[in-house]
Amino acid sequence: MLDVLIIGAGAAGITAAIYAARAELKFEIISKDVGGLTLWSPDIENYPGYHDLNGIELVEKFKEHMDQYDIKVKDDTVEKVEKKDNNFLVKTKEGREYETKTVIVCSGSSPRKLKVDGAEKYEGKGVAYCATCDGPLFKDKDVAVVGGGDSAVTSAQTLLKIANKIHIINRGDELTGRDKERIKKVKESDKVEIINNADTKEILGKDDFVNKLKYEKDGEEKTIDVEGIFVEIGHIRNTDMVKNLIKLNDKNEIIVDESGAASEKGVYAAGDVTSLPGKQTVIACGDGSRTLLTAFDYISKKGESDD
Amino acid sequence: MKMTVKIYTTPTCPWCKKTKEFLKKNNIDFENIDVSSDKEAQKEMKEKSGQLGVPVIDIDGDIIVGFDKDKLKEKLDID
């Protein structure tokens, strides 16, 4: 029987694991990757103490920290969490089963897919969801970023160093990202053209690869020549494994109280997957630590009542 | 028989890194090709895989797109 099972090894899960190790709890951390969405961040300029690291470098620091406590992330995917007496039974894709007193869900989010004609057909053929990964393939080419929030601005900033021209196709009146420093850098570049109030309509290609993007603005359809399209239209929360166990809100986020506790006793959530505002690496770390402390108190009390 | 393994990557792509770690862990020799700086290699990758996304792994001419652990295991004969 485990004390804690941590689902996901992004910033939240890693922090929870470090706290769990220091608290000498019996725990496992299960994830198909280490670093979560932090890995995809090109430049992390707002994490205290590390103002000039990129996502990969910050995650390397996280890994070194985990090594200090000999924490090994189990390479697997949690498929289901169910109640078993006063504890939980966790089942994974590779057929593992764990019994645990508490579960901390740190499963984060995945990019939302663009649903227009051509988007699926040309995915991996010009349509991309990670500027950090695939951006370098578009050196000196014309590209588009679809979206207008912080992620779209971040992608545009990444592409500044690579692409020839960047069109930002934004549905809203203006870029809504809250990182004004970043918006300023993007707006000031003469490589960038921001097209507001524009609705992406279709992605077109030639010889199996993207060559055009069609959008509508003021009732008029326009087409631009681009070889790469980076989609940044928000995220969906990875909550399938607990959807029958705990309460989610209309965005499929896990509803938690101020201590990080979900609707079922013994289940906690931390990081981007929760209903709390602010999807940031530094917030995820804070969440991970808080929920582990909450879980620790619960386990201690449970121990007394179970005896 | 020894297999020839090539992996097409960019320096910043986390899944490329993960794929390389996986190959190293299983003692598979491979050639890493950085397509961000080599236009010819990028063209080669595009033609082989029909993809503009990394990583692309070429195992004796068999193409795997993305870090697909099950496919890698099968092609490389790893348990």
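This is a predicted model: local features need pLDDT of at least 70, side-chain atom pairs count only at pLDDT 80 or more; totals for chains, interfaces and linings use all residues.
The domain assignment of chain A gives domain 1, which is made of 2-111 together with 235-306, and domain 2, which covers 127-231. The C-alpha centres of these two domains of chain A lie 32 Å apart, and the contact between them takes 4 residues from domain 1 and 8 residues from domain 2. If we sort the side of domain 1 that touches domain 2 by class, we find 3 nonpolar residues, 1 polar residue and no charged residues.

Next comes a sheet in chain A. This is an open sheet of 3 strands, in the order S12-S13-S14, with antiparallel pairing. Strand S12 (198-206) and strand S14 (220-225) stand at the edges, and each has a single partner strand, so one side of each is left without a neighbour in the sheet. Neighbouring strands here are turned by 25° against each other on average, direction ignored. Between S12(A) and strand S13, residues 209-217, the antiparallel pairing runs over 8 bridges, and within it A:Ala198 stands opposite A:Lys217 in S13(A).

The loop between S12 and S13 of chain A holds A:Asp208, and this residue has a positive phi of about 75° although it is not a glycine. For background, most residues other than glycine have a negative phi, and most peptide bonds are trans. Is A:Asp208 buried, exposed or partly exposed? With 13 other C-beta atoms within 10 Å, A:Asp208 is partly exposed. A second case is A:Asn252, which is not a glycine either and has a positive phi of about 65°. The place of A:Asn252 is the loop between strand S16 (235-237) and strand S17 (267-269) of chain A, and A:Asn252 is partly exposed, with 15 other C-beta atoms within 10 Å.

Turning now to chain B, we find that 15 of its residues are in contact with 17 residues of chain A. On the side of chain B that touches chain A, the largest share, 3 residues, comes from helix H1 of chain B, residues 14-25. That side of chain B divides into 7 nonpolar, 7 polar and 1 charged.

Chain B also has an open sheet, in which 4 strands follow the order S2-S1-S3-S4 with mixed pairing. Strand S2 (31-34) and strand S4 (62-65) of chain B are at the edges with a single partner strand each, so one side of each has no neighbour in the sheet, and the twist averages 20° from one strand to the next. Strand S1 of chain B, residues 5-9, pairs with S2(B) in the parallel sense over 4 bridges, and there B:Thr9 has B:Asp34 in S2(B) as its bridge partner.

Two helices complete this part of the picture. Helix H2 of chain B, residues 39-49, lies across S1, S2, strand S3 (56-59) and S4, running at about 75° to S3(B). Helix H3 of chain B, residues 69-76, packs on the sheet and touches S3 and S4, and its direction makes about 160° with that of S4(B).

Finally, which peptide bond of chain B is cis? A cis peptide bond joins B:Val54 and B:Pro55, with omega about -5°, and B:Pro55 sits in the loop between H2 and S3 of chain B.

Terms used
Residues are numbered from 1 along each chain as its sequence is written. Chains are lettered from A and ligands numbered from 1 in the order in which they are written. Domain bounds come from an automatic or database domain assignment. Two residues are in contact if their C-beta atoms, placed from the backbone, lie within 7 Å. Ala, Val, Leu, Ile, Met, Phe, Trp, Tyr, Cys and Pro count as nonpolar, Asp, Glu, Lys and Arg as charged, and the others, Gly among them, as polar. Two strands pair if DSSP finds at least two bridges between them. Axes are lines fitted to C-alpha atoms, for helices over the stretch in contact, and angles run from 0 to 180 degrees between N-to-C directions. A residue is buried if 20 or more other C-beta atoms lie within 10 Å of its own, exposed if 12 or fewer, and partly exposed in between; C-beta atoms are placed from the backbone.
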